[in-house]
Amino acid sequence: MRGKWLGPPDPPGRRPDRASYFPLIPATIRPTTTVMEKPFRKDLSHRNWAQVYQRQALRADLLDDWIGALGLGAGDRVIEIGAGPGYFSLALAERVGPKGMVYAVDRSADALAELERRQRARGIAQIERIVADASALDPAAVKARAALLTMVLHHADDPAGILASVARLLPPGGLAVIGEFHPDGPCAVGPSRAHRLAPAEVESWCERAGLARVAYKRQTPEHYMIAVRRDG
Ligand SMILES: C[S@@+](CC[C@H](N)C(=O)[O-])C[C@H]1O[C@@H](n2cnc3c(N)ncnc32)[C@H](O)[C@@H]1O
């Protein structure tokens with residue numbers, strides 16, 4: 001793991017100015033005076049999967065950090081937990097190329113059907129879609145050295161169980177990246193503060209699962225990521 005983001009957790013009381021609340025949203029569609037988010041629902045029933053895909057695309061700028069922390073390149077095998085309609089699975093597939101493999105896991109068959117449609121349209125073969133509860137995933141069903149879990153744990157009924165499952169499927173030394181919304185963020189996008197997970201809580205679940213923290217980064221005022229390595 002390399003780079004300047006191996007720093008300490010956020011400085012206390014960090015409050016960015018309003019303009020920087022929306023760094024990933026084009027200026028033309030940024031809210032100006034009021035926040036326009038629909039009320040958050042853990043099961044995502046307030047949105048259809050095409051809308052979720054569009055919202056994934058607004059977070060595209062976060063991807064380079066995730067891929068960099070996982071060290072992914074051509075021919076790699078990676079699992080995306082809670083892939084949803086698959087914006088990031090498709091990007092991962094491009095990164096690992098036709099000789100690599102992306103396992104896209106989601107509990108929603110409809111979300112993965114949306115991914116399948118886009119996958120076929122682009123002619124991408126190296127994504128295997130798996131409908132499953134990630135906390136009960138059969139480790140024998142996947143062979144991956146890296147895992148990506150972004151904006152999933154705050155939707156999950158058993159986030160600690162999902163991390164334990166990731167630890168079971170990764171080989172010793174395998175890496176995982178967890179991305180979440182920060183409870184200290186402005187909450188202009190994403191879930192309300194009450195539904196956000198503090199980095200310390202996520203880290204404690206990781207530790208219990210045998211996933212040791214190797215890096216942390218506050219990617220934007222709203223988003224943070226934690227990189228962990230499976231104990232060897
Ligand atoms: C907001 S989407 C995030 C999608 C994508 N990871 C991203 O960063 O945009 C959360 C996804 O997690 C899935 N999910 C939540 N709990 C899950 C579980 N226990 N097993 C598998 N998928 C789960 C939901 O179905 C949903 O598709």
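Which residues of helix α2 (residues 63–70) are buried? Here are some notes that start from there; please keep in mind that this is a predicted model.

1. In α2, the buried residues are Trp66, Ile67, Ala69 and Leu70. Viewed down the helix axis, they fall within an arc of 165 degrees, so they line one face of α2. Just past the helix, Gly71 has a positive phi of about 65 degrees.

2. What do the buried residues of α2 pack against? Their partners are the helix α3 (87–96) and the strands β1 (77–81), β4 (146–150), β5 (175–181), β6 (211–218) and β7 (223–230).

3. Beyond its neighbours within four places in sequence, Leu70 is in contact with Val78, Ala146, Leu148, Leu175 and Val177. Leu70 is also among the residues that touch the most other members of the largest nonpolar core, which has 59 residues; Val78, Ala147, Leu149, Val166 and Ala176 are the others. The element that gives the most to this core is α3, with six residues.

4. Met151 sits in the loop between β4 and α5 (159–169), while Cys187 belongs to the loop between β5 and α6 (199–209). Met151 counts as buried because it has 21 C-beta neighbours inside 10 Å. Cys187 is buried too, with 21 other C-beta atoms within 10 Å.

5. Finally, the ligand. Around it are 20 residues, and the closest are Gly82, Gly84, Arg107, Ala134 and Thr150. By type, this shell comprises ten nonpolar, seven polar and three charged residues.

Note on methods:
Residues are numbered from 1 along each chain as its sequence is written. This is a predicted model: local features need pLDDT of at least 70, side-chain atom pairs count only at pLDDT 80 or more; totals for chains, interfaces and linings use all residues. A residue is near a molecule or strand if its C-beta atom, placed from the backbone, lies within 6 Å of it. Ala, Val, Leu, Ile, Met, Phe, Trp, Tyr, Cys and Pro count as nonpolar, Asp, Glu, Lys and Arg as charged, and the others, Gly among them, as polar. A residue is buried if 20 or more other C-beta atoms lie within 10 Å of its own, exposed if 12 or fewer, and partly exposed in between; C-beta atoms are placed from the backbone. Helices (H or I, at least four residues) and strands (E, at least two) are DSSP runs, numbered from the N terminus. The arc is that of the directions from the helix axis to the C-beta atoms. Two residues are in contact if their C-beta atoms, placed from the backbone, lie within 7 Å. A nonpolar core is a set of buried Ala, Val, Leu, Ile, Met, Phe, Trp, Tyr and Cys residues joined through C-beta atoms within 7 Å.
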